[in-house]
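Let's take a walk through this structure together, one spot at a time.

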Protein chains: 2
Amino acid sequence: MLVVDGAKVMARAGLTPERLTRAGAELADEVGFDQVTVSALARRFEVKVASLYSHLKNSQDLRTRIALFALEELADRVADAVAGRAGKDALAAFANAYRDYAREHPGRYDAARLRLDPETAAASAGVRHSQMTRAILRGYDLAEPDQTHAVRMLGAMFHGYVSLEMAGSFRHTAVDSQESWRWVLDSLDALLRHRAAP
Amino acid sequence: MLVVDGAKVMARAGLTPERLTRAGAELADEVGFDQVTVSALARRFEVKVASLYSHLKNSQDLRTRIALFALEELADRVADAVAGRAGKDALAAFANAYRDYAREHPGRYDAARLRLDPETAAASAGVRHSQMTRAILRGYDLAEPDQTHAVRMLGAMFHGYVSLEMAGSFRHTAVDSQESWRWVLDSLDALLRHRAAP
DNA sequence: CTAAGTTTCCTAAAACCGTTAGGCAAACGA
DNA sequence: TCGTTTGCCTAACGGTTTTAGGAAACTTAG
């Protein structure tokens with residue numbers, strides 16, 4: 001089949017799950033993760049929608065792949081940020097890596113919060129995230145179960161703060177969000193030092 | 001028009017924006033807020049889809065109404081919970097009201113986190129939420145801008161914790177989430193007392 | 001180098017959702 | 001009782017998801 005003016009010669013587009021996932025992540029950052037659609041992705045590759053179904057099981061599969069990709073990417077960034085740091089320095093690096101990623105890639109950040117089924121989650125980079133959080137706490141000398149409590153607290157705080165900040169919840173008050181962020185990190189550091197085992 | 005066996009006599013279904021909103025909230029709790037659809041709602045009222053468009057502007061309007069309803073209901077609950085309490089007692093009541101609502105009404109809780117446009121948000125019960133958070137902090141005697149920092153921290157922590165807990169993130173470790181929750185509340189109380197103005 | 005086999009993308013079609021336009025019947029007010 | 005308004009309907013269109021089957025492009029074995 002040969003279309004003269006459209007120049008479509010039935011050439012292959014070179015689709016792969018990986019390219020589709022990456023393009024989906026970019027799309028998520030541009031239009032929001034919940035607007036990522038198989039149709040939009042096909043449009044971006046100038047390909048018919050049905051063609052994607054040779055590379056993706058379905059729409060949910062696409063979303064899951066983007067989520068796993070984002071988790072991996074974020075874990076890499078965090079690992080890079082905390083390398084060679086300890087104590088409060090590591091805590092701040094960890095937290096900032098998290099927040100910066102969300103600001104830079106809001107769609108991917110949302111994707112990383114997608115609810116995964118237990119098996120998928122267990123095989124994802126999500127486990128690296130909790131491992132790294134635990135690693136941060138090595139500098140604070142917490143015994144179990146306090147360490148687990150602290151892991152959950154840090155996860156909740158960072159995710160909650162970033163989530164509310166992204167949603168614009170902090171834009172109505174004059175106080176700069178950056179200041180609050182520093183205040184929160186200082187507070188967490190003090191709290192964890194105070195909780196340290198004797 | 002009269003259908004004999006279906007017993008449809010073209011009677012009126014008694015639709016109103018309020019009834020639709022409430023039913024939408026119930027639907028959200030059952031199937032998830034992102035699965036709340038004009039079609040599903042019409043099915044629930046045994047009415048054709050187009051009929052809802054006399055009462056709702058569109059699908060987004062429905063979601064926004066559910067969000068406003070949930071914000072209002074949650075604010076009422078929180079107000080009720082903290083009434084007559086102060087200090088750590090008030091903090092715990094506030095936090096528990098929040099968490100309990102999310103556990104009881106996950107769909108509505110998600111709805112309450114819908115991003116609203118600034119005018120809508122300003123006219124919503126969202127402002128009551130921050131006012132009540134500030135009220136909790138009266139027991140801790142914080143000066144500005146620390147009070148604003150603390151409001152943001154509490155909002156982040158509660159939302160983050162509830163959000164991660166709902167997503168199942170705490171189910172992989174043996175430590176009971178309830179214990180972590182108590183630990184976090186104790187920590188926040190200690191932190192706020194420590195931050196109190198001299 | 002060519003024929004067979006595989007992969008990649010296509011067309012076609014069905015199902016569901018969102019939305020608008022226009023109609024008829026029911027409720028209501030005079 | 002008779003307009004008028006309101007509430008729900010049918011009809012229709014466009015978009016998304018998904019499956020089935022076909023045809024062209026690539027790959028590989030003889």
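Start at Arg115(A), which is exposed, with a relative accessible area of 51%. That counts as exposed because the cut-off is over 50%. Keep in mind that this is a predicted model. You'll find Arg115(A) in the loop between helix H5 (106–112) and helix H6 (118–122) of chain A. What does Arg115(A) touch, leaving aside its neighbours within four places in sequence? The contacts are Met166(B), Ala167(B), Gly168(B) and Arg171(B), so look across to chain B to see them. Back in chain A, Thr64(A) is 51 residues away from Arg115(A) in sequence, yet the two C-alpha atoms are 8.8 Å apart in space.

Now hop over to Gly160(B), in helix H8 (residues 146–166) of chain B. Is Gly160(B) buried or exposed? Its relative accessibility is 0%, so Gly160(B) counts as buried. Not counting residues up to four places away in sequence, Gly160(B) touches Ala156(A), His159(A) and Gly160(A), along with Gly155(B). Lys57(B) makes a handy landmark here: Gly160(B) and Lys57(B) are 103 residues apart in sequence, and their C-alpha atoms are 32 Å apart.

Stay in helix H8 of chain B and look for Thr148(B). Thr148(B) is buried too, because its relative accessible area is 3%, and the cut-off for buried is under 20%. Thr148(B) reaches Thr173(A) and Val175(A) in chain A and Arg134(B) in chain B, again not counting residues up to four places away in sequence.

Time for some charges. How many salt bridges does a search of the whole structure find over all chains? The count is 26. One of the pairs to look at is Arg108(A) with Asp29(A), whose side chains meet in a salt bridge at 2.8 Å, N to O. This pair links distant parts of the chain, with Arg108(A) in helix H5 of chain A and Asp29(A) in helix H1 (residues 17–31) of chain A, 79 residues apart. Arg108(A) is buried, at a relative accessible area of 6%. There's a further partner to find as well: Asp29(A), Glu73(A) and Arg108(A) are linked in a network of salt bridges.

Another pair in chain A is Arg128(A) and Asp76(A), a salt bridge whose closest N and O atoms are 2.9 Å apart. Here the link runs between helix H7 (residues 126–137) of chain A, where Arg128(A) sits, and helix H3 (residues 59–82) of chain A, which holds Asp76(A); the two residues are 52 residues apart. Arg128(A) is partly exposed, with a relative accessible area of 25%, and Asp76(A) counts as partly exposed at 41% relative accessibility.

The side chains of Lys88(B) and Asp186(B) meet in a salt bridge of 2.6 Å, N to O. Lys88(B) belongs to helix H4 (residues 87–104) of chain B and Asp186(B) to helix H9 (residues 177–195) of chain B, so this bridge links parts of the chain 98 residues apart. Lys88(B) is partly exposed at 39% relative accessible area, and Asp186(B) is partly exposed at 30%.

Some charges gather on the surface instead. Which residues form a patch of negative charge there? They are Asp34(A), Asp110(A), Asp34(B) and Asp110(B). Zoom in on Asp34(B), in the loop between helix H1 (17–31) and helix H2 (38–44) of chain B. Asp34(B) counts as exposed, because its relative accessibility is 67%.

Last, let's check the backbone. A cis peptide bond joins Glu144(A) and Pro145(A), with omega about 5 degrees, and Pro145(A) is in the loop between H7 and helix H8 (146–166) of chain A. In chain B, the peptide bond from Glu144(B) to Pro145(B) is cis, with omega near 0 degrees. Back in chain A, Glu46(A) has a phi near 55 degrees, a positive value in a residue other than glycine. Glu46(A) lies in the loop between helix H2 (38–44) and H3 of chain A, and at 63% relative accessibility it counts as exposed. Asp141(A) also has a positive phi, near 55 degrees, and its place is in the loop between H7 and H8 of chain A.

Definitions and conventions. Residues are numbered from 1 along each chain as its sequence is written. Chains are lettered from A and ligands numbered from 1 in the order in which they are written. This is a predicted model: local features need pLDDT of at least 70, side-chain atom pairs count only at pLDDT 80 or more; totals for chains, interfaces and linings use all residues. Side-chain values use heavy atoms; hydrogens and water are left out. Patches are made of residues with over 30% relative accessible area and no salt bridge: like charges are joined within 9 Å, nonpolar side chains (Val, Leu, Ile, Met, Phe, Trp, Tyr) within 5 Å. Accessible areas come from the Shrake-Rupley method with a 1.4 Å probe; for residues, only the protein chains shown count as cover. A salt bridge is a side-chain nitrogen of Lys or Arg within 4 Å of a carboxyl oxygen of Asp or Glu. Lys and Arg count as positive and Asp and Glu as negative; His and the chain ends are not counted. The place of a charge is taken as NZ of Lys, CZ of Arg, CG of Asp or CD of Glu. Helices (H or I, at least four residues) and strands (E, at least two) are DSSP runs, numbered from the N terminus. Buried means under 20% relative accessible area, exposed over 50%, partly exposed in between (1.4 Å probe, protein chains only). Contact means heavy atoms within 4.5 Å.
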